[in-house]
Amino acid sequence: MSRYFIRRVLSLIPTLFVIITLSFFLIRLAPGGPFAREKDVPEIILQNLLKRYNMDQPLAQQYLRYLGDILRWDLGPSFRYRDLSVNEIIDSGLPVSMLLGVTALAMAVFSGISVGIISALKQNKWPDYVAVSIAVIGISVPLFVMGPVLQLFIGMRWKILPMGQWISIHGIKAIILPAITLSFPYFAYIARLSRASILEVLRSDYIRTARAKGLKESDVVWRHVLKGALLPVVTYLGPAFSGIIVGSVVVETVFLVPGIGRPFIQSAINRDYTLIMGSVIVYSAVLILANLVVDVIYGFLDPRISYK
Amino acid sequence: MTDDLILQVKNLRTYFTVDEGLVKAVDGVSFDLRKGETLGIVGESGSGKSVTNLSIINLIPSPPGKIVGGEVVFHGKDILKMSPNEIRHLRGNKVSMIFQDPMTSLNPFLKVSTQMIETIVLHQGLDKKAAKEKAIEMLKLAGIPAPEKRIDQYPHQFSGGMRQRVMIAMGLSCNPEILIADEPTSALDVTIQAQILELIQELTRKLGTAVILITHSLGVVAGMCDTLCVMYAGRIIERGKTDEVFEKPLHPYTQGLIHSVPRLDRENKERLYSIQGQPPNVIDLPDCCPFYPRCEKAMDICKKKYPASVGLGNGRAVSCWLYSEGNK
C-alpha cells in the first residue's frame, strides 16, 4: 500500500514534465503575445520588454531556462501584474480558493449524498420529486444568476450575511454565500449520482439477501447499501476537487473573492505566459493528487481492490 | 399428520403490473409443507417458482409486484397480514432463503463474518463474540476448511461453490424451520452441484428443517424431494409424492417433462423427446389452460376454461380436463 502510494506520487514528476512541456510550446502557438496592445508599442520599448523577460532568446533556450527555474519553484514574474511574481499570485490566491473550494465541496458532498439517499429511498414519491427538481435547478441555473440572487435576498434585503468580499473584511461568515453558490451545481450532480447508484444497489441480489435475513431497513441501507453505492460519488470527487478549486472564477468575480480563479482566467486572455504556466501546473498537480486520494479511498471502500 | 403442518400456502396470487399489461406471475398457488419435509417446485423459467417463494416471506419488489390475494399460514398465522416487524422476525430466523447466484448474493463490500454475525446477533440475541463462534461452527458444518481464518475474508476470496456453502451456513445459522432454496445449484458447475445438494440434504435432516427446493432440474427433485409440485404459467398443474408422480405422471406437461429427460438405462437410438412450442407469453393470459397450444391431447374445452384442480387422494392432484368430471 505505502509502496504503491510512493510510486504514484513519484509518477507525478514525469506527468508534470510532459504537461509543462506541451503547455509551454502550445501557448506560444496562440496568436498575439503578452505585449500586444491595441496601440503599437515602439520598437525600442518592445525590445527592452522582450529582453527584460528573456524572450529575446531562442525558444529552446527559454524552455530550458524555465525548466531550471521550476526546479527551484520559481515560476517567474507575471507579464501583466507588474509588481507580482507568479509565485506571489499563487501564494496569495491559492489558500483562498482552497478554503472556498473545500468548504463548497464538503457542503456539496454532505447535502448531495443526503438528498440522494432520501430520494432513492422514497423513489417516485413526493420527497423524490422535490429532490430531483432541486437537482435539475442546481444543474441548469448558472452561477452568475444563482450568486446575485443570493446576494440580493440574503445579503441586501435581509442583511443576514455579507454580500461579498473576503474574511479579512467580514470574518469567517464571508465564506458562506460564495461557498453555497459554488457548491450548488456540485451538490445537484452528487445528489443525482448517488440517487442513481443507490437505486441500482437496492435492486441487487445481495440487498435481497440482506432483506431475506430479516435486517431492519435502516441496517440494510447503512450497512449494506451505502458502501457500494458511494463508489461512483468518490470517483467523481477527484475531478470535482480540482475543478472547484481552480474553476471558481464566476463566484470569485460575483462575490469579490481574492482567489486564484480570476487571475488564472485573465492570464489566458492576456497571454501572460508565466501565469498561464503557473495555473496549468497548479491545476494538474491538484488534479493528479486528488485522483490519487480517490484511489486510496477506493481501496478502503472496496475490498476487491488491492494495491501492490 | 396435520399437527406437523408448518406452512400452508392457500390460493396465493402475485401480479406484476408492467407497461405491456398485467403479468399473473403466481395465480392461485396452494401447497402444504410439513415438518422436515422436502418439497420440490419444478417448472420452466418464468413459470412463477421464484415469485411464489419470495411471496411467502413478502419480499416481492413493489412496485411493480403486488400480492393480490391468498394466505400464507405459518403456524396458524397469516404471514401476509403480519406487520413488517413481525415478518422481519421470521425472515432469516424461522424462514431463511438461499438464492440462485452465490456470486452476487453475498455483499462484496462486507466480510463474511460481518454478514453472518449480524443475522445471528439479530435473531438469537447473542453477543458478537458468541455469534462469531456460532458462525464459525456453522461454516465448519457447511464444509468450509479453516473456518476461523476464512470467516474474516471477503466474498471475492471464495469460489462459487464455497460462497454457496457460506450462504447455506448463514441460512441455517438460526435453526430455521423452513429453508427456501431458490435454484441453489443453477449457477454452479456439475460436480459442485451434487456436493451442495448433498450438503443441504444432510444439514437440514440433521436440524429437522423443512426445505422448499425450487429447481428446473427433475433429476434434483427425484434425488431429494419427498413431494413435488409442477408449475406452469403461474399455477401448480400437478402435485403429489415424488415417486408417484415420476411413476405415473398425469398432466401432459409433466409427462412431457419426464419424457424429455435423457435416460441412461435405455438405448438412445431415437432423438430425445422435447415438448413442442414455447412457454406462453404470460402478459394478459386468457383464462384457458395455458398449456393447450403445446398439448398433444388438447380438447376444445381447454381453450375456453382453466381446469380446476382435481384431488386424487394421498396429496395427489392435477389440473387437467382429461381428469375433470364432465369433460366431453
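**View 1. The largest nonpolar core of this predicted model****.** In this predicted model, the largest nonpolar core holds 91 residues, and the members that touch the most others are A135(B), L139(B), I168(B), I178(B), I212(B) and V230(B). The element that gives the most to this core is helix α7 of chain B, which spans residues 160-172 and provides seven residues. Apart from this core lies another one, made of 59 residues, and among its members are F184(A), Y186(A), F187(A) and F241(A). As a general background, nonpolar side chains tend to be buried together in soluble globular proteins.

**View 2. The surroundings of V230(B)****.** When the neighbours within four places in sequence are left aside, V230(B) is in contact with V42(B) and G43(B), with I236(B), I237(B) and E238(B), and also with H251(B), Y253(B) and T254(B).

**View 3. An open sheet of four strands in chain B****.** The strands follow the order β2-β1-β4-β5, and their pairing is antiparallel. At the edges are β2 (21-34) and β5 (77-78) of chain B, each of which pairs on one side only. Strand β1 (residues 5-18) and strand β4 (residues 65-74) of chain B are joined in the antiparallel sense over eight bridges, and the bridge partner of F16(B) in β4(B) is G65(B).

**View 4. Where chain A touches chain B****.** Here 18 residues of chain A are in contact with 23 residues of chain B. On the side of chain A that touches chain B, α10 (205-212) and α11 (217-229) each supply at least two residues, and the largest share, seven residues, comes from α10(A). Sorted by class, this side of chain A has five nonpolar, five polar and eight charged residues.

Conventions:
Residues numbered from 1 in each chain as written. Chains lettered and ligands numbered in written order. Predicted model: local features only at pLDDT ≥ 70, side-chain atom pairs only at ≥ 80, totals over all residues. Core = buried A, V, L, I, M, F, W, Y, C linked by C-beta atoms within 7 Å. Buried ≥ 20, exposed ≤ 12 C-beta atoms within 10 Å, placed from the backbone. Contact = placed C-beta atoms within 7 Å. Pairing = 2+ DSSP bridges. Nonpolar A, V, L, I, M, F, W, Y, C, P; charged D, E, K, R; others polar.
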